[in-house]
Amino acid sequence: MRSQPGGAMTQPRRPLRTMIRAQTLVQALFRAACAFAATYAAIMPPAVAGFGMFLCDHLPAMERHAVAMPRAALHGDFRLDNLFFAGADKDAACWIIDWEDIDFGCGMFDLAWFIGGGVDVSDAADEAVLLGHYHDALRRAGVTSYGRAACLADYRRAMVAAFAQGVLMAMTRRAEESAQRDAADDIARRFIKACTRLRLHELAPL
């Protein structure tokens, strides 16, 4: 997480290593963002609201699960704003910018951050298709000992960190100029849906 001079919170970044090393700060920031529950109460299922309140007191403990996951090089802010596309079919190309937050950590976080906050997924079946494409790409690249069940389990746990970051980003943007509010609402809506689809509340010992 970063802050501007004077302590103003900016867009949360580096969700793995930095969050684990600065757990007290992360917990305080997320606790402050619990206004999220009141702001989006009309579209938030009770299970998501309860999970969010649980994270206010237990986010560092939940984040520690990420340490045991398969680790890889991470972009750190893998979202549509940082992707540029051109061409089509076999000539299609994608350029990725903003590598200032490159890190080494949970290999599933970039995927969870991208799908959770940047893709309007209709239901769990669509999400399973996207996750399947990712897993197939891993196998084509030589990662043959990582099964689909493990991939899904790690993706759900990575989405916990992405959900927390999404809450912080949404509330930060809402505090900025009014032009950012639509973007904040989109981010909030997508992460609420992701939390619901993946039943993240089942990961918490409630």
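**Exercise 1. Determine which residues Met108 touches, leaving out residues up to four places away in sequence.**

Solution. The model is a predicted one, in which local features need pLDDT of at least 70 and side-chain atom pairs count only at pLDDT 80 or more, whereas totals for chains, interfaces and linings use all residues. Residues are numbered from 1 along each chain as its sequence is written, and side-chain values use heavy atoms, with hydrogens and water left out.

Step 1: locate the residue. Met108 sits in the loop that lies between strand 4 (103-106) and helix 5, where helices (H or I, at least four residues) and strands (E, at least two) are DSSP runs numbered from the N terminus.

Step 2: list the contacts, taken as heavy atoms within 4.5 Å. Met108 touches Leu131, Tyr134, Tyr146, Cys151, Asp154, Tyr155 and Ala158.

Step 3: check the accessibility. With a relative accessible area of 3%, Met108 is buried (buried means under 20%, exposed over 50% and partly exposed in between, for a 1.4 Å probe and protein chains only).

**Exercise 2. Is Arg156 buried or exposed, and which residues does Arg156 touch?**

Step 1: once residues up to four places away in sequence are set aside, Arg156 touches Leu198, Arg199, Leu200, Glu202 and Leu203.

**Exercise 3. Describe how helix 5 packs against helix 7, and how helix 5 is covered.**

Solution. Step 1: two packed helices are described by the angle and the distance between their axes. For helix 5 (residues 109-118) and helix 7 (residues 148-174), the angle is about 55 degrees and the axes are 8 Å apart, the axes being lines fitted to C-alpha atoms over the stretch in contact, with angles from 0 to 180 degrees between N-to-C directions. Helix 5 is therefore oblique to helix 7 (under 35 degrees counts as roughly parallel, over 145 as roughly antiparallel, 65 to 115 as roughly perpendicular and the rest as oblique).

Step 1: on the helix 5 side, the residues that meet helix 7 include Trp113 and Ile115, and on the helix 7 side they include Tyr155 and Met159. The residues of this contact divide into eleven nonpolar, three polar and no charged.

Step 2: ten of the ten residues of helix 5 are buried, Phe109 and Phe114 among them. The cover includes strand 1 (71-74), strand 2, strand 4, helix 6, helix 7 and helix 8 (181-197).

**Exercise 4. At what angle do helix 6 and helix 7 cross, and which residues meet?**

Solution. Step 1: the axes of helix 6 (residues 124-140) and helix 7 come within 11 Å and cross at roughly 115 degrees.

Step 1: Glu127, Leu131, Gly132, Tyr134, His135 and Asp136 of helix 6 meet Arg148, Cys151, Leu152, Tyr155 and Met159 of helix 7. By class, this contact holds six nonpolar, two polar and three charged residues.

Terms used: Ala, Val, Leu, Ile, Met, Phe, Trp, Tyr, Cys and Pro count as nonpolar, Asp, Glu, Lys and Arg as charged, and the others, Gly among them, as polar.
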